[in-house]
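Please read the points below alongside the sequence and the coordinates.

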Amino acid sequence: MTDPVRKCILTQDRDNRDNLIRLAIGPDGQVLPDVRAKAPGRGAWIGVTRGALEEAIAKKKLRGALARAFKGAELVIPDDLPARIATALERNALDRLGLESRSGTLLTGSEKIEAAARAGQLHALYHAADAGTDGNRKLDQAWRIGSDREGSPLRGLVLPMPRPILSLALGRENVVHIGLTDRAAAARVSDALDRWLHFIGPETPPVSCETASQGASAPGLPPVLPGDVSDGLRPAVDVNEEFE
């Protein structure tokens, strides 16, 4: 089955809905992020970076595009909408990591990850922002060896999150490195991270992962910002409309 395609209201470019960000209207008329696309009612989709969104807000382009998408409904665009989207996407990525941690497809601890990497069992590798360079290099090299890709640029992604945040997300102590041993799990994590890193800026390096797929949710992580409509509401009907 073909994945639903949506159109960005700012650029008019079309893409898979999983690569875009859905905006919905809250009960008070506020335009809010719905990064899991579960809020009921009409929505609008954007596929731009945070910088481009901030520019569109400053030039009133977002308001005009939203007015067309929501057909004249009374709208309130929060001043911190870009920050709310960034936080919601970060939470979604951490949620995904938490789910994979509980499913048994995720490894922590340098020795376990190195062993899996050298055995050719590793499909994705991530390092905390405050991880040591030597530790990163050691695991990167083990991954290249186990993947028969010595001499290639293959390496783990240094996440823009320190170990306390990753430890909280995974419910484990002192998470410095993360390895994924299941291809589908690696794809799900990659997708959630890709959406977040694309939005927060092009200066962020791309995810070093073999595949990319779909994200999800899990409880017990950073608090939801006021107005994030993606939690606690029934799913909308999944139909192929541009502004669903």
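Strand 3 (residues 21-25) is mostly covered, with four of its five residues buried; buried means under 20% relative accessible area, exposed over 50%, and partly exposed in between, using a 1.4 Å probe and protein chains only. This is a predicted model, in which local features need pLDDT of at least 70 and side-chain atom pairs count only at pLDDT 80 or more, while totals for chains, interfaces and linings use all residues. Residues are numbered from 1 along each chain as its sequence is written, and side-chain values use heavy atoms, with hydrogens and water left out. Helices (H or I, at least four residues) and strands (E, at least two) are DSSP runs, numbered from the N terminus.

**Pairing around strand 3**

- Strand 3 pairs with strand 5 in the antiparallel sense over four bridges; two strands pair if DSSP finds at least two bridges between them.
- Within strand 5, Trp45 is the residue that stands opposite Arg22.
- Strand 3 also runs antiparallel to strand 4, and three bridges join them.
- Leu23 stands opposite Pro33 of strand 4.
- The hairpin of strand 3 and strand 4 has five residues between the strands, and Gly29 takes a positive phi near 90° there.

- An open sheet of mixed pairing is formed by four strands in the order 6-9-7-8.
- Strand 6 (106-108) and strand 8 (157-158) stand at its edges, each with a single partner strand, so one side of each has no neighbour in the sheet.
- Strand 7 (residues 124-127) and strand 9 (residues 177-180) are paired in the antiparallel sense over four bridges, and Leu125 has Gly179 in strand 9 as its bridge partner.
- Helix 5 (residues 133-146) packs on this sheet and touches strand 7, strand 8 and strand 9, where contact means heavy atoms within 4.5 Å.
- The direction of helix 5 makes about 175° with that of strand 7; axes are lines fitted to C-alpha atoms, for helices over the stretch in contact, and angles run from 0 to 180 degrees between N-to-C directions.

- Most residues other than glycine have a negative phi.
- Ala37, although not a glycine, has a positive phi of about 55°.
- Ala37 is found in the loop between strand 4 (31-33) and strand 5 (43-46), and is buried, with a relative accessible area of 14%.
- Lys60 is likewise not a glycine and has a positive phi of about 70°.
- Lys60 lies in the loop between helix 1 (50-58) and helix 2 (61-69), and counts as exposed at 60% relative accessibility.
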